[in-house]
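Reader: I have a model open and would like to talk through a few places in it. Could you take them one by one?

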Amino acid sequence: MLSWQRLRAQFVDHFVLISGALFMSLPVYALFAATTHAPGTRVMPRLDLGSHVLDNYGAFLTASSGFSGDITAIGMLWNSFVFGVGFAALKTLVSLLAAFALLYFRVRFASVIFWLLLLTLMLPLESRFLATYSVAAELGLVNTRAGLILPLAASGLGTLFFRQFLMTVPDTLQESARMDGAGPLKFLADILLPLCLPTASALFLVLFVTGWNQYLWPVMITSEEASYTVVRGMQFFGSTSLYGVTLAVVAVLPPAALVILFQRQVVKGLFDGSH
């Protein structure tokens, strides 16, 4: 009797979860189905699939867009990928180094510095853009990939995650490394970095999705159409045209696929640091 109750409870749980997942993914599927019909058909959410998937998406990916025609959908996808990877990699690296410095070096007022870093989480990113843009412009970073990535390198949230993880590392590891003649950088590279890989990988994925979906900063720092990302490029097509809906579907797929494929690693890496 107990096993039957457990089986029934599991069935109900899975039914609710699967139903919720299907319900949340239905709008994306309806938009995708709308892009599979012949050009000229009224673009609206629908559930029936058409027979023009390859034709529509092939033409969309290679079609020139923008006022100057200097960018294609493939170009915008590449720009978004480069921005997302650079954004996530640099933030992860800077966060790890900041947490390492605060914990393993005798930094005066380390606790105060850490709490000041946490205060940045209370401020929306948009509130710092004008000052950040002014500095980037003075450094000649406008309309460059470095300008897209470097000004956003600091991350209070990433520093928090790495600091909390590094606090669980036994002090005996550092003492053993010191006795073996390992300096701080060698201790970081040979011991701490392998231990931090699950947390770093999970944080990288979360930050990649954040960078991929970033809109306001790319709008401010880039004016050349060849540098446009997918999210910014949506303005070229409109939200009701075939290419506009197709771009919206394509923009969702990479971050959604990464989150679905690595969701367990993300949860474990961020909350217990294990595989």
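Reader: Which helix does Ala34 lie in?
Author: Ala34 lies in helix 1, residues 2-34, where a helix is a DSSP run of H or I with at least four residues, numbered from the N terminus. This is a predicted model, in which local features need pLDDT of at least 70, side-chain atom pairs count only at pLDDT 80 or more, and totals for chains, interfaces and linings use all residues. Residues are numbered from 1 along each chain as its sequence is written, and side-chain values use heavy atoms, with hydrogens and water left out.

Reader: Is Ala34 buried or exposed?
Author: Ala34 counts as buried because its relative accessibility is 5%; buried means under 20% relative accessible area and exposed over 50%, with partly exposed in between (1.4 Å probe, protein chains only).

Reader: And what is Ala34 in contact with, beyond its neighbours within four places in sequence?
Author: Leaving those neighbours aside, Ala34 has contacts with Val43, Met44, Arg46 and Leu242, contact being heavy atoms within 4.5 Å. Arg46 is twelve residues from Ala34 in sequence, and their C-alpha atoms are 5.7 Å apart.

Reader: Changing topic, which residues of helix 2 are buried?
Author: Asn56, Tyr57 and Phe60 are buried in helix 2. They cover an arc of only 90 degrees around the axis, so they sit on the same side of helix 2, the arc being that of the directions from the helix axis to the C-beta atoms.

Reader: What about the other side of helix 2?
Author: There, Leu54, Asp55 and Thr62 are exposed.

Note on methods:
Helices (H or I, at least four residues) and strands (E, at least two) are DSSP runs, numbered from the N terminus.
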